[in-house]
Amino acid sequence: MPVRSGSRPGIVLAMLLLVYSFNFLDRQIVSILAAPIKAEFALSDKQLGLLGGLAFAILYSTMGIPLGLLADRTRRTWVITGSLALWSGFTALCGAAGSFGQLLAFRVGVGVGEAGGVAPSYALIGDVFPARRRARALAIYSLGIPIGSALGVLFGGYVAALVSWRAAFLWVGLAGLVVAPVFALVVKEPVRRVPAGERVRVGAVFALLAAKPSFWLLSCGAASSSMVGYGLAFWLPSLLRRSFDLDLPATGRFFAGLLLIGGTIGMFGGGWLADRLGGRDKGAYARVPAIAYLIAVPLFVAGVLSRSPGIAFALFLIPQGLAYVWLGPILTAVQHLVPPPMRATASASFLTINNLIGVGFGTLAIGALSDALTPSLGNEALRWAVIASLGFYALAGVLMLIASRYLTRDWVEAD
């Protein structure tokens, strides 16, 4: 039986979903604001890619493990509350940036704050939901990605068009600062089987994970997919503006629709399917997303090459959903590679690999390739840079198919 908290599981999950939505709202709003930011500071695509990727990811990734350890040893709810307040404050400061350097520094601050929000949330869900419902619970929590991203591009597009890009950063940052104390009051820390003060040794967690092939295959597969996923999340609004001649509000509506419809169906469907199949075969937790990636690649290529916004939306919708299938199944699998007291640290270790490679270099690589192709392709350079990046989805599919062969052996059944 799961360990219950003072708050009902449904309330805990709803509040975690709200915080995670702010996580991605604050993270992805910069994608819709890329055009006005580029114009004001006279930036290249490579600099934009640095702003949307490595500047955010470098401390977001490296701070995840110490903050995961802190969550395992203290109160996870405190770590989540403090992290929300920190990243929201830095998001608001982005609106006051007077130079590219200042904006870069504030985005690093956003990354530091967000590093403490995700791994403790995974561990909290692992405590309040039983194993048979965990992939679905994690999939519902992960709806914060499409919801937050969609709100970011929709809200950011309209505010930038009607007021300014600076106002968009300021308003969403202040909203997060309001939510932080509400979360602290509503969500109570579960009573753990292992007391929070008992030390979780990071070396023991690393040693346990390092000996399991499934951990490395899942982590590298997720990192490969995230290079494309985060790259598309950042660059697709710019692609729509350059190659489809959409304005900021229209771009926001297009991308928000993709994220909300495709992302929500794919996210929940992946969690439901993995829970249904995983009871009999643990390898299904990796096999389901692997198949989704391999189907998504040609559909994404067709969407990028289309010339009509309406046709592009229809072609993007299915692969956008397939790209989100992995979250519930893979996050559940990582939770079950270690005993319960180590879950936040194990999740942080997985996220370090995934985010440093995926978030850090996917956006930057697409931007750099677009700059390199611009002299010969002009405004079409970004289109072909995106197509080249889709090979990493195929690589992710192959790695997760291999991981499915090891999951049953590496699985820890403890609840």
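His336 is buried, with a relative accessible area of 2%; buried means under 20% relative accessible area, exposed over 50%, and partly exposed in between, with a 1.4 Å probe and protein chains only. The model is predicted: local features need pLDDT of at least 70, side-chain atom pairs count only at pLDDT 80 or more, and totals for chains, interfaces and linings use all residues. Residues are numbered from 1 along each chain as its sequence is written, and side-chain values use heavy atoms, with hydrogens and water left out.

His336 sits in the loop between helix 17 (327-335) and helix 18 (343-377). Helices (H or I, at least four residues) are DSSP runs, numbered from the N terminus. The side chain of His336 makes a polar contact with that of Trp411, at 3.5 Å. Such a contact is a pair of N or O atoms within 3.5 Å; within protein, one must be able to donate a hydrogen and the other to accept it, and residues adjacent in sequence count only if both atoms are side-chain atoms.

Thr408, in helix 21 (residues 407-410), is exposed, with a relative accessible area of 51%. Although Thr408 and Asp281 are 127 residues apart along the chain, their C-alpha atoms are separated by 7.3 Å. Leaving aside residues up to four places away in sequence, Thr408 touches Asp281, Lys282 and Gly283, where contact means heavy atoms within 4.5 Å.

Helix 6 (residues 76-94) has 19 residues and reaches 27 Å from its first C-alpha to its last, close to the 27 Å expected, a span defined as 1.5 Å times one less than the number of residues. Its buried residues include Arg76, Trp87 and Cys94. The buried residues of helix 6 pack against helix 1 (9-32), helix 5 (64-73), helix 7 (100-114), helix 8 (118-128) and helix 11 (165-186).

The structure holds 3 cavities of 30 Å³ or more. On a 1 Å grid over the protein atoms alone, a cavity is a set of points where a 1.4 Å probe fits but cannot get out, and lining residues have an atom within 4 Å of a point. Grid points are joined across faces, edges and corners, and a volume is the space filled by probe spheres set on the points.

The largest cavity contains about 350 Å³ of space. Of the 30 residues that line the largest cavity, Ile145, Gly229, Tyr230, Tyr324 and Trp326 are the closest to its centre. Helix 13 (213-244) is among the elements that supply at least two residues of this lining, and the largest share, 8 residues, comes from helix 13. By class, the lining has 21 nonpolar, 8 polar and 1 charged residues; Ala, Val, Leu, Ile, Met, Phe, Trp, Tyr, Cys and Pro count as nonpolar, Asp, Glu, Lys and Arg as charged, and the others, Gly among them, as polar.

The second largest cavity holds about 60 Å³ of space. Arg27, Gln28, Val30, Gly52, Tyr230, Phe234, Val359 and Thr363 line it, and helix 1, helix 13 and helix 18 each give two or more residues to this lining. Helix 1 gives the most, with 3 residues.

Two loop residues remain. Ala42, between helix 2 (34-41) and helix 3 (45-52), has a positive phi of about 55 degrees although it is not a glycine, and at 65% relative accessibility it counts as exposed. Asp245, between helix 13 and helix 14, has a positive phi near 55 degrees and is exposed, with a relative accessible area of 67%.

Technical notes
On a 1 Å grid over the protein atoms alone, a cavity is a set of points where a 1.4 Å probe fits but cannot get out, and a pocket is an open set with protein on both sides within 12 Å along at least five of seven lines; lining residues have an atom within 4 Å of a point.
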